[in-house]
Amino acid sequence: MNTLPQQLANGLFLGSMYGLIAIGYTMVYGIVQLINFAHGEIFMTGGFGALTVYLALPHGISMWIALPLMLAGGALVSVLIGVGAERFAYRPLRGAPRLAPLITAIGLSLALQQAVFNWYPDAKSARVFPQLAFGPYHIGSITIQSGDIFVIVAAPLCMAALAFFVRLSRTGRAMQATAQDPDTAQLMGIDTNRIIVIAFAIGGLFAAVAGVAYGLRYGSVEYDMGFIAGLKAFTAAVLGGIGNIYGAMLGGLVLGLAEAMATAYISDVPGMHQLGGQGWSSVWAFVLLILVLLFRPQGLLGERVADRA
Amino acid sequence: MTALLEVDNLKVAYGKIEAVKGISFSVQQGQVVTLIGTNGAGKTTTLRTLSGLLKPLSGSITFDGKPLSGIPAHKIVAMGLAHSPEGRHIFPRLSILENLQLGAFLRKDPEGIEKDIQRAYDLFPILGERRKQAAGTLSGGEQQMLAMGRALMSRPKLLMLDEPSMGLSPIMMQKILETIAELKAQGTTILLVEQNAQAALSLADQGHVMEVGSIVLSGTGQDLLHDESVRKAYLGED
């Protein structure tokens with residue numbers, strides 16, 4: 001059913017998920033100017049971490065009890081991997097040419113995928129993810145899955161918490177200072193290494209929430225689920241203006257909605273009837289990225305600040 | 001009397017290029033000491049090493065009786081050494097007030113911080129008028145005022161100012177130099193790097209002339225101001 005409300009709901013789900021992952025790209029980029037291409041895998045390991053917790057719980061446990069524990073477990077795994085990557089893979093390369101950490105990130109991404117593929121039990125194919133006990137709901141012609149509801153509630157909560165944290169807390173202020181001028185931040189007494197670790201940790205936390213959302217929505221997690229989702233979220237971060245946390249969420253939503261709309265409706269455009277359907281969804285996401293890079297390279301909310309020398 | 005800052009045979013290198021080649025000098029409590037010299041003489045490198053942003057190759061730095069070697073920059077501030085960097089480096093997207101608050105990042109006394117913010121506004125009234133404005137929208141001179149005000153917010157034992165008058169209009173330059181004189185009169189200990197040698201030496205108790213990484217001449221501000229070679233090289237006289 002390709003009704004407009006249904007596509008809006010789908011777009012909202014996708015967009016919220018992209019936005020949550022995009023936070024991790026944008027925070028890390030904002031502070032250390034590194035594109036952490038392993039972030040898609042941090043999202044993936046969050047999903048597997050949550051699944052692991054579920055499997056360890058007694059059989060038949062209520063999802064109301066299981067879900068918070070799964071979120072905590074997924075977050076723990078994602079945060080540890082994110083922070084570990086910073087400490088052992090990226091920090092030693094600080095000050096190296098920018099290509100070096102980028103290649104490291106890609107290597108780490110492959111290593112994490114292969115680690116899960118080879119060592120997580122039965123992860124060579126999709127692993128079934130537990131479902132919330134309610135839904136799907138039918139409202140008129142729209143079907144809303146429980147996974148949709150989870151992310152559409154969780155994403156704004158996460159974002160609001162992050163916005164308050166960055167704006168109002170002492171550590172948040174230190175993060176802003178470090179993003180704007182790391183050397184001078186140190187001169188203020190800010191331990192910038194600690195701030196970098198916190199940026200990776202927040203990115204991991206949000207990625208884990210997205211990983212759980214993915215599992216709930218699609219009913220499974222896969223070792224390679226972070227690849228396309230990671231690329232899309234990176235696109236969302238660039239679309240919104242990389243380095244800007246509000247941009248990441250907005251970019252995610254715009255991308256998710258555009259993807260859902262294009263998938264459903266582009267085939268109605270005369271001459272484009274062959275381009276509709278799910279198989280083309282990624283194409284439209286990246287076409288949008290190219291258009292933004294051409295016409296507004298700083299992204300939707302990217303700022304051109306008058307930094308006077 | 002032991003010096004507040006004691007630099008002994010300090011060497012700093014960027015890769016294989018030695019930018020500071022074994023300099024020694026000291027700053028006494030309450031003094032204004034200036035380093036003058038052309039671009040590339042190693043003045044900024046020296047300050048960045050003192051504040052911990054660069055690691056020295058060798059030599060020792062003793063501040064307030066404690067060695068600074070191996071202490072990261074963010075902990076050196078806590079010891080009472082504040083650095084207003086070359087090029088001002090205010091946080092452009094934060095407000096003036098937020099910039100000043102960051103200067104007091106390590107302090108835990110809200111009332112004292114509030115008082116010092118007032119003091120910065122008294123010193124530079126324009127900062128008070130524009131406290132909510134993003135710092136990046138200030139003029140160069142106003143940014144310099146903010147950078148100095150921010151450095152003072154940590155209540156430093158030693159204030160290091162790197163090229164505070166650089167790139168400013170003559171009127172702004174005058175204002176900044178007057179402020180340094182005022183801070184000196186209040187008893188602030190200052191290590192000043194300045195390209196405006198005339199102004200710097202007039203203010204300074206002690207001056208050191210740096211050339212390609214070494215101190216080539218030292219003396220009181222007045223001595224150097226009247227020194228033949230200094231007048232020729234730095235004060236534009238034949």
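Predicted model: local features only at pLDDT ≥ 70, side-chain atom pairs only at ≥ 80, totals over all residues.
## Annotated spans in chain A

An unreviewed UniProt entry lists seven stretches of chain A under "transmembrane region": residues 12-32, 63-84, 96-117, 137-166, 195-216, 236-258 and 279-295.

Two of these stretches are described here. Residues 137-166 of chain A are 70% helix and 20% strand. The C-alpha atoms at the ends of residues 137-166 are 36 Å apart. Residues 236-258 of chain A are 83% helix and 0% strand. For residues 236-258, the end C-alpha atoms lie 11 Å apart.

## Helix H1 against helix H5 in chain A

Two packed helices are described by the angle between their axes and the distance between the axes. Helix H1 of chain A spans residues 4-32, and helix H5 of chain A spans residues 146-168. Their axes are 9 Å apart and meet at an angle of about 40°. H1(A) is therefore oblique to H5(A). The crossing of H1(A) and H5(A) is left-handed.

H1(A) brings Ala9(A), Leu12(A), Phe13(A), Ser16(A), Met17(A), Gly19(A), Leu20(A) and Ile23(A) to the contact. H5(A) answers with Asp148(A), Val151(A), Ile152(A), Ala155(A), Cys158(A) and Leu162(A). By class, the contact of H1(A) with H5(A) holds 11 nonpolar, 2 polar and 1 charged residues.

## Helix H6 against helix H8 in chain A

Helix H6 of chain A covers residues 170-180, and helix H8 of chain A covers residues 192-218. Their axes come within 10 Å and cross at roughly 100°. That angle makes H6(A) roughly perpendicular to H8(A).

On the H6(A) side, the contact residues are Thr171(A), Ala174(A), Met175(A) and Thr178(A). They meet Thr192(A), Ile195(A), Ile198(A) and Ala199(A) of H8(A). The contact of H6(A) with H8(A) has 5 nonpolar and 3 polar residues, and no charged residues.

## The four-strand sheet of chain B

Chain B has an open sheet of 4 strands in the order S2-S1-S4-S5, with antiparallel pairing. Strand S2 (17-27) and S5 of chain B stand at the edges. Each has a single partner strand, so one side of each is left without a neighbour in the sheet.

Strand S1 (residues 5-14) of chain B pairs with strand S4 (residues 58-63) of chain B over 5 bridges. Asp8(B) has Ser60(B) of S4(B) as its bridge partner. Lys11(B) has Ser58(B), also in S4(B).

S4(B) pairs on with strand S5 (residues 66-67) of chain B over 2 bridges, in the antiparallel sense. Thr62(B) is bridged to Pro67(B) in S5(B). S4(B) and S5(B) form a hairpin with 2 residues between them. In that turn, Asp64(B) has a positive phi of about 55°. Helix H1 (residues 43-50) of chain B lies across S1, S2 and S4 of chain B. H1(B) runs at about 70° to S2(B).

## The six-strand sheet of chain B

A second open sheet in chain B has 6 strands in the order S6-S7-S8-S3-S9-S10, with mixed pairing. Its edges are strand S6 (81-84) and strand S10 (214-220) of chain B. Each edge strand has a single partner, so one side of each is left without a neighbour in the sheet. The twist averages 15° from one strand to the next.

Within this sheet, strand S3 (residues 32-36) and strand S8 (residues 189-193) of chain B run parallel and are joined by 4 bridges. Val33(B) has Leu191(B) of S8(B) as its bridge partner. H6(B) lies across S6 and strand S7 (158-162) of chain B. H6(B) runs at about 170° to S6(B).

## Where chain B touches chain A

The contact between the chains takes 23 residues from chain B and 19 residues from chain A. Helix H2 (73-78), helix H3 (96-103) and helix H6 (140-152) of chain B each supply at least two residues of the side of chain B that touches chain A. H2(B) gives the most to that side, with 4 residues.

By class, the side of chain B that touches chain A has 11 nonpolar, 10 polar and 2 charged residues.

How values were computed. Residues numbered from 1 in each chain as written. Chains lettered and ligands numbered in written order. Contact = placed C-beta atoms within 7 Å. Nonpolar A, V, L, I, M, F, W, Y, C, P; charged D, E, K, R; others polar. UniProt positions renumbered as here; feature names shortened; annotations may be inferred. Axes fitted to C-alpha atoms, helices over the stretch in contact; angles between N-to-C directions. Parallel < 35°, antiparallel > 145°, perpendicular 65-115°, else oblique. Left-handed = near helix turned anticlockwise from the far one by under 90°. Pairing = 2+ DSSP bridges.
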